Amino acid sequence: QRIPQIGNVILEDNVDIGANTTVDRATMGSTVLKKGAKLDNLVQIGHNVEVGTNTAMAAQVGIAGSCKVGDNVLIGGQVGLAGHLK
């Protein structure tokens, strides 16, 4: 049985999203990329993730569902974050 994805995605000001990057819509609520977030190519953002202000992610980063990434965080290439981390 599929679970309906009825949430949304919020992109604040000056968010950059690279080629072949995927931002999943929230299950309920919102997936949020805050002001100034920079995502390189081939980044996967899971459902209900919150990416903080001025956070940058290099290529091939994967963020699992419901993670909260803080402000001014730098994430190197090919890094993965497991679900529900803060």
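User: Hi! Which side chain meets Lys68 in a salt bridge?

Analyst: That would be Glu50, at 4.0 Å from N to O. A salt bridge here is a side-chain nitrogen of Lys or Arg within 4 Å of a carboxyl oxygen of Asp or Glu. Bear in mind that this is a predicted model, where local features need pLDDT of at least 70, side-chain atom pairs count only at pLDDT 80 or more, and totals for chains, interfaces and linings use all residues. Residues are numbered from 1 along each chain as its sequence is written, and side-chain values use heavy atoms, leaving out hydrogens and water.

User: Where do Glu50 and Lys68 sit?

Analyst: Glu50 is in strand 7 and Lys68 in strand 10 (residues 68-69), 18 residues apart. Strands are DSSP runs of E, at least two residues long, numbered from the N terminus.

User: New topic: what order do the strands take in the open sheet?

Analyst: The order is 3-6-9-12, with parallel pairing. Two strands pair if DSSP finds at least two bridges between them. Strands 3 (22-23) and 12 (80-81) are at the edges with a single partner strand each, so one side of each has no neighbour in the sheet.

User: And which residue stands opposite Ile45?

Analyst: Ile63, in strand 9.

Definitions and conventions: Helix = DSSP H or I, 4+ residues; strand = E, 2+ residues; numbered from the N terminus.
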